[in-house]
Amino acid sequence: LRSLPPSANCQLIPPSAVSAYTGTDIRILNFGPLGADAVARVPVNDEDISLLFSAQTAAHDDIVVVESITAPDGELLYHLNDLSSADFSSAYFSQPLQSEGELTFYLPPVPQHPLRSGEYKIELYTAGGQPICDAAAVIRTGSALGTQAIDLNLWVLSEAPEVNQPEQRARLQADIRAAIDRILNQQEMRLGEIRFFEASQDEKVRFARSDENALGTICQAMALKVGSKRAWNMALVDEYRIFTEDNGEAEPVFGMAPLPGSAFAPGSPNSCGAIAWEAHEGDFNELGATIVHEGSHFLGLPHTTESDGIVFDLLADTPDCPAKVYDADASGKVEDTECAQTGADNYMFWQSSGVVQNFIITPAQAWTIRRHPFFYLQDATR
């Protein structure tokens with residue numbers, strides 16, 4: 001006899017966002033409170049090309065779990081029998097669909113499994129028994145052909161003079177655009193508008209040096225400042241750290257973003273990415289490459305090869321770099337130097353090679369992300 005919380009107390013996508021995109025190429029379906037054991041049915045039309053589904057639990061420390069996804073023709077696309085199972089395998093997802101507080105997944109993840117028309121059935125539950133207080137589906141319709149564009153919002157939380165001075169800001173913007181377009185242009189995509197948003201001194205003091213525990217708070221604060229529109233939201237901080245399994249210490253990284261992120265949800269802790277200024281040592285081109293790398297995580301692309309050399313993406317045209325073959329120094333990690341001929345030049349390799357002029361995006365990677373609701377057909381009305 002589990003109670004359903006009022007949807008107003010837990011709302012992923014507000015009605016204003018839904019009405020704003022009615023009649024364009026974006027359709028937003030709000031499901032409201034679903035309970036602890038839930039079924040969401042998502043209708044997909046012939047012209048629809050992608051589906052982004054999110055669900056949020058009332059208790060932020062509870063875990064939202066997708067038990068199964070069934071396609072309109074009855075094919076079981078995904079099934080998780082046991083939350084703790086180590087034998088997970090799926091042709092659609094590289095890892096189990098479960099996350100603390102809020103979960104998002106994206107279809108279609110690979111070209112060999114395009115979106116199908118009809119009704120998708122999604123079965124969910126929470127590990128702790130707390131109700132799912134809201135769920136939503138963002139569906140994009142229309143054509144994925146032609147040049148696709150995506151906008152970028154940068155919230156400047158860094159205290160570095162280089163990113164806060166007008167003359168430096170102009171060069172930063174030009175170099176970021178060049179680095180991102182160098183990758184996207186390979187597959188008929190491009191960066192649209194770049195918008196800079198200023199932070200107060202208090203916001204910089206609070207967020208300029210952050211770790212992964214702060215990402216949710218940063219995203220929610222950024223949404224208040226910037227909004228949650230049709231664009232990448234990226235917070236430019238001075239330093240960003242993640243906790244590693246090697247020693248439990250927080251280590252600095254270039255950036256971080258959820259995989260995938262949530263769209264049009266201003267209260268979501270997964271609505272932005274973080275980019276670390278100091279790790280790039282003043283290299284604006286490398287900074288741009290990191291933005292498009294983390295931004296592509298946000299759109300649903302995993303690393304081509306993970307650091308352990310054991311986990312790989314599901315795309316047919318991205319090379320794998322298995323540790324059993326290429327971990328020459330037996331460090332337990334496959335480095336960019338060891339994988340130089342087997343994928344280190346791909347922009348979604350787990351580690352940056354630093355040669356940003358040579359980063360590659362494959363047709364399958366582009367096929368996946370150009371359908372995302374954040375992309376739009378260039379020159380189309382939005």
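Colleague: Why is cysteine 133 called buried?

Modeller: Its relative accessible area is 0%. Buried means under 20%, exposed over 50% and partly exposed in between, using a 1.4 Å probe and protein chains only. So cysteine 133 is buried.

Colleague: What are these values based on?

Modeller: The model is predicted, so local features need pLDDT of at least 70 and side-chain atom pairs count only at pLDDT 80 or more, while totals for chains, interfaces and linings use all residues. Residues are numbered from 1 along each chain as its sequence is written, and side-chain values use heavy atoms, leaving out hydrogens and water.

Colleague: What makes cysteine 10 and cysteine 133 a disulfide?

Modeller: The S to S distance is 1.8 Å. The definition asks for a pair of cysteine sulfur atoms within 2.5 Å. So the pair qualifies.

Colleague: Which parts of the chain does this pair link?

Modeller: Cysteine 10 is in the segment before helix 1 (15–20), and cysteine 133 is in strand 9 (residues 132–141), 123 residues apart. Helices (H or I, at least four residues) and strands (E, at least two) are DSSP runs, numbered from the N terminus. Cysteine 10 is also buried, at 9% relative accessibility.

Colleague: Why is this disulfide called right-handed, and the one between cysteine 219 and cysteine 272 left-handed?

Modeller: The torsion about the S-S bond decides. For cysteine 10 and cysteine 133 the torsion is about 40 degrees, so that disulfide is right-handed. For cysteine 219 and cysteine 272 it is about -90 degrees, so that disulfide is left-handed. This second pair links helix 4 to the loop between strand 16 (255–256) and strand 17 (273–276), 53 residues apart.

Colleague: How many disulfides does the structure hold?

Modeller: Three. Cysteine 321 and cysteine 339 also form one, with sulfur atoms 2.0 Å apart. The torsion there is about -85 degrees, so this disulfide is left-handed.

Colleague: How do you know that aspartate 73 and arginine 116 form a salt bridge?

Modeller: The closest N and O atoms are 2.7 Å apart. A salt bridge needs a side-chain nitrogen of Lys or Arg within 4 Å of a carboxyl oxygen of Asp or Glu. So this pair counts. Aspartate 73 is in the loop between strand 4 (63–70) and strand 5 (76–79), and arginine 116 is in the loop between strand 7 (102–107) and strand 8 (118–126), so the bridge ties together parts 43 residues apart in sequence.

Colleague: Is aspartate 73 buried or exposed?

Modeller: Exposed, because its relative accessibility is 56%.

Colleague: What makes arginine 195 and aspartate 151 a salt bridge?

Modeller: Their closest N and O atoms are 3.3 Å apart. Arginine 195 is in strand 11 (residues 189–198) and aspartate 151 in strand 10 (residues 148–156), so parts 44 residues apart in sequence are tied together. Arginine 195 is partly exposed at 27%, whereas aspartate 151 is buried at 0%.

Colleague: What makes a set of residues a nonpolar core?

Modeller: They are buried Ala, Val, Leu, Ile, Met, Phe, Trp, Tyr and Cys residues, joined through side-chain atoms within 4.5 Å. The largest core has 53 residues, and Ile176 is among those touching the most other members. Helix 5 (residues 284–298) gives the most to this core, with six residues. A second, separate core has 31 residues, including Val42 and Phe53.
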